[in-house]
Each structure stands twice: as structure tokens, then as C-alpha cells.
Amino acid sequence: MGNILSSGASRPSHRSNGIEWQGNIRYYSYTSSGSFDSDLDDLQRHINNDTIQMVYLYKKPLSEMQWSNLLLYHVYVVFYTDTRYGRFWWSIEKNGEALILQMSKNLEDVRDRLEGDRRICLENSWYWKPQLIVQNSSLETFANLYNFIIVTDQVNITYNFSDENCKKFAKIVFDRIARTKTWKYVI
């Protein structure tokens, strides 16, 4: 898989507003205890063998101080695969640092958390929750999605708030793997 994939162990220890694009896919696999076990060989098996069954598009406010997420929001894709080992939930998204791929047996891990942290802190969760935008069935293979991301060079498209952002990436991914629907977001 080359060196575009990295396990969650390489997560930066702190974040600032001046983050530099890393040009990779950071992979996190949640265990039943909520910790990470980001085995890249296990990920390769999923890529080679899994078929995506359903795909969802979620949004959350960019800041918990916002009163509305009508214009400013972060978007990410959630999907699940059914395998002989059970159902696995996945999220994939673009932020200012990298593409982030997460896997868990629990939807809440990938929908409500990012790199182990809650997407929305507990004290504000009464007001903000990840909001479903659109969903659709899928028969796309994980291998086709992965190859599409590589062939379209998504890892080398540097994040830009105005156009090369989470919304554009989420639209590209959702529209690629959704069976009949597209997200009506205008890029």
C-alpha cells in the first residue's frame, strides 16, 4: 500500500490553527475498549475483501460556539461493510492535516469520535449532535473506493478552506459509492 497510509500511532500530539497538510491517510481502528489497534495488514484485508453496504453523510458544526450549522460545518462519510467477521463501521474524511479513515464494530466510535476524541464535547452534546444529511445503499467494493482515492490523487490535494475542503472530499466519496443518490452540495 505504499507509504500513504499511517496508523493512528503517528497522530500528532497537539493541534494548532497553523497545521500543515501531511499528504497521507491516517488509519484508526477502535477496539472494544475504545483504544486503538491500527493494524495496517488488517486494513489491507478489509480493502481487498469488503463490500460497502450502506453509506451516510454526516455534518457537525465547525465550532461548538455556533448557533447554526447552516453555512459552516464539517462533513464526513460513514459507511458499513458486512463481512464473515461481522459488521464494521467506517468513517472517512478530510481535515486540515490529512485524510482520516476510522474503523470500529460500533457506529458511535466513527460517527461521534475523531482520532479518539469526541467530535462534540459532552457539555455541548445537548445542543449539537452529528446530523445525518443523506444516506443510500451501496454495492461498491472497498478496493474500488481505495483505488479511486489513489487514482484521483486525493492524498496530494492540499486542504484549502474555500474549495479543497471536507465538503468537496465528502461529496466525491459519497457520490462515488452511493448507489442511486448524490449529495446536492454545489462545490
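Entry 1. I began with Phe161, which is exposed at a relative accessible area of 55% (exposed means over 50%, buried under 20% and partly exposed in between, with a 1.4 Å probe and protein chains only). I found Phe161 in the loop between α3 and α4, where helices (H or I, at least four residues) and strands (E, at least two) are DSSP runs numbered from the N terminus. Together with Leu62, Leu70, Leu71 and Leu72, Phe161 makes up a nonpolar surface patch with about 570 Å² of accessible area. Such patches take residues with over 30% relative accessible area and no salt bridge, joining like charges within 9 Å and nonpolar side chains (Val, Leu, Ile, Met, Phe, Trp, Tyr) within 5 Å; a salt bridge is a side-chain nitrogen of Lys or Arg within 4 Å of a carboxyl oxygen of Asp or Glu, and accessible areas come from the Shrake-Rupley method with a 1.4 Å probe, only the protein chains shown counting as cover for residues.

Entry 2. I noted what kind of model this is: it is predicted, local features need pLDDT of at least 70, side-chain atom pairs count only at pLDDT 80 or more, and totals for chains, interfaces and linings use all residues. Residues are numbered from 1 along each chain as its sequence is written, and side-chain values use heavy atoms, with hydrogens and water left out. The mean pLDDT (the predictor's confidence in each residue, from 0 to 100) is 86 for the chain, and 86% of its residues reach 70 or more. Confidence is lowest in strand β1 (residues 5–7), at a mean of 72, and highest in strand β5 (residues 86–94), at 97.

Entry 3. I then looked at α3, in which Phe142, Leu145, Tyr146, Phe148 and Ile149 are buried. They lie on the same side of α3, because they cover an arc of only 160° around the axis, the arc being that of the directions from the helix axis to the C-beta atoms. Just after α3, Asp153 takes a positive phi of about 60°, and this residue is partly exposed, with a relative accessible area of 35%.

Entry 4. Most residues other than glycine have a negative phi. Glu115 sits in the loop between β7 (113–114) and β8 (117–118).

Entry 5. Last, I recorded that the chain holds four helices and nine strands, and that 48% of its 187 residues count as buried.
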